[in-house]
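Hi,

Here is the model I promised to pass on. Have a look at it first, and my notes come after.

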Amino acid sequence: MSERKIASGNNLSRQADRNYAVMAFFLPFLLLSIGYAARGIFPFGNKHLLTVDLYHQYAPFLAELRTKLLSGEGIFYSFAGGLGVNFYALFAYYLASPLNLLLLLFPAAFLTEGILVLTLIKISLAGFTFNIFLRKTFNRHGPLAVGFSTMYALSSFVIAYGWNIMWLDSLYVAPLVVLGMVYLISDKNIWLYTLSLAYLLFVNFYMAWFVCLMTAILYIPFLFRFSPVNKPLEKLLTSLKMVFCSALGIGLSAILIWPVYQALQVTSAANDAFPSGIEKVASLFDYFGQHLILVEPTVRSGFPNIYAGVFVLLLIPIALLNTKVKLRDRILGLLAITFMVLSFSTNILNFIWHGFHYPNQLPYRNSFIYIFILLTFLYEGLPGIRQLRRETIIGFSFSIILIIMAAEKIGENRTSDYTTLLSILFVLLYTLIFVRLTDDRQYKRPITLLLLSVMIIEIGLSTSIGLYYLDKNEYFGSREGY
């Protein structure tokens with residue numbers, strides 16, 4: 001009888017996990033659709049979502065790819081521009097995502113709608129795969145992974161740079177690469193890491209560079225955290241296996257990596273000189289304001305897009321005090337987060353992160369890596385809430401509110417009154433919920449669902465306001481005119 005109950009419980013857990021995975025896909029899809037509808041994107045108005053380079057570069061590239069696929073033309077050369085262009089290099093850098101085949105389902109006159117659907121699917125897949133990554137990595141069942149994955153999929157980085165449609169593939173592949181690394185370290189299998197890395201490099205070499213650096217940063221913390229045998233020789237053998245699988249993944253994607261590399265050698269960025277000295281880009285305090293809600297997305301210039309929910313500010317000290325996670329793992333996690341902040345604030349690290357060149361506008365393109373690492377370690381430390389006294393959580397909340405108020409007045413990156421007030425409101429809401437979670441007499445399920453609801457409300461509001469700023473500053477044009 002007991003075995004039947006265990007089997008029944010496992011089946012219910014698996015069914016719940018499947019339901020949460022579906023939610024993790026459709027929540028970003030729904031919230032982003034609402035945000036676009038509010039901006040009058042067709043069919044809710046007469047606008048399209050094409051803006052910045054998507055308007056005059058990437059959409060025409062996609063249209064040319066669609067024409068070539070339907071007509072049976074070769075992909076190595078195109079006469080659509082000037083006297084002709086090496087289309088294979090364009091394909092390798094901008095168009096290699098298999099999801100682009102979805103555009104074949106749309107008539108030429110509905111190219112903008114095809115790109116809209118493609119954008120929604122890629123961003124929703126990011127929520128889906130990050131949800132799977134969190135649940136499989138930390139072996140935890142529950143709805144809060146949906147909240148974390150939605151924050152990842154609709155972070156300020158996505159709102160600011162979502163028009164870079166060829167970058168979006170990296171958002172849904174990165175969780176699979178890191179999960180594959182966890183499986184490799186824990187000696188489950190090597191193929192998820194190898195094949196997902198190969199796919200990542202195949203679809204976009206440039207963004208794959210950021211994810212590869214992230215795996216290097218996370219490797220040591222995860223090697224200690226997930227290695228089944230705590231012996232130096234075993235860790236060395238695992239590291240050698242990691243190097244071999246990385247080389248194999250690179251080799252599998254070499255058919256596209258090589259032409260991209262060759263094409264990049266004739267660009268202006270190839271001649272950028274390594275910085276001669278260390279320069280401080282900004283103070284650490286200036287980055288704090290970028291974690292607040294309603295901050296304008298950075299597109300042309302400014303500070304990094306690192307907003308992924310105000311609740312992260314309250315969770316950082318809670319995660320650091322969570323004794324259920326080994327002190328070593330907490331320290332390594334904090335070092336990984338600190339390194340990412342230093343990558344923003346020092347010119348040499350920023351230069352290395354951007355492929356050993358200075359980015360032309362669109363600064364801090366590695367912001368999504370910071371968001372990934374931050375949300376990962378905070379999710380692991382989430383149960384630490386129940387270990388703390390309510391007075392401790394209230395003390396954290398009071399300190400954060402003081403810093404938010406100071407961010408409005410101090411430093412170069414000053415926030416607005418609306419940002420300050422709304423961020424404080426959400427901090428207070430999260431504080432009340434966290435305090436309730438510390439009460440052992442409370443049934444946790446309704447409180448957990450309340451926490452998830454507040455997270456969804458926050459990211460939904462942030463998404464709509466972020467798209468408003470993007471439309472205001474970069475402009476969503478007329479569908480008929482395009």
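Predicted model: local features only at pLDDT ≥ 70, side-chain atom pairs only at ≥ 80, totals over all residues.

Residues are numbered from 1 along each chain as its sequence is written, and side-chain values use heavy atoms, with hydrogens and water left out.

On confidence (pLDDT, the predictor's own score for each residue, from 0 to 100), the protein chain has a mean of 88, and 92% of its residues reach 70 or more. Helix α7 comes out highest at a mean of 96, while helix α11 (residues 254–264) is lowest at 74. Helices here are DSSP runs of H or I, at least four residues, numbered from the N terminus.

The largest nonpolar core has 154 residues, and those touching the most other members are Ile115, Phe148, Tyr152, Ile373, Leu375, Tyr430 and Phe434. Its largest share, 13 residues, comes from α7. By nonpolar core I mean buried Ala, Val, Leu, Ile, Met, Phe, Trp, Tyr and Cys residues joined through side-chain atoms within 4.5 Å; buried is under 20% relative accessible area (1.4 Å probe, protein chains only). Not counting residues up to four places away in sequence, Tyr152 has contacts (heavy atoms within 4.5 Å) that include Phe130, Leu171, Phe368 and Leu375.

Now the serines. Ser170 lies in α7 (residues 168–185) and counts as buried because its relative accessibility is 1%. Beyond four places in sequence, Ser170 contacts Leu200, Met207, Val211 and Phe368.

Ser196 is in helix α8 (residues 191–203), and at 7% relative accessibility Ser196 is buried too. With neighbours within four places set aside, Ser196 is in contact with Val173, Leu176, Val177 and Trp191. The Ser196 side chain also reaches the backbone oxygen of Leu192 at 2.5 Å.

Finally, the second largest pocket is about 450 Å³. It is lined by 23 residues, with Ile316, Leu334, Ile337, Tyr370 and Leu374 closest to its centre. Which helix gives the most to this lining? That is α14, with eight residues. A pocket is an open set of points on a 1 Å grid over the protein atoms alone where a 1.4 Å probe fits, with protein on both sides within 12 Å along at least five of seven lines; lining residues have an atom within 4 Å of a point. The volume is the space filled by probe spheres set on the points, which are joined across faces, edges and corners.

Cheers

Technical notes. Helix = DSSP H or I, 4+ residues; strand = E, 2+ residues; numbered from the N terminus. Buried < 20%, exposed > 50% of the residue type's maximum accessible area, 1.4 Å probe, protein only. Polar contact = N/O pair within 3.5 Å; in protein donor to acceptor, adjacent residues only side chain to side chain.
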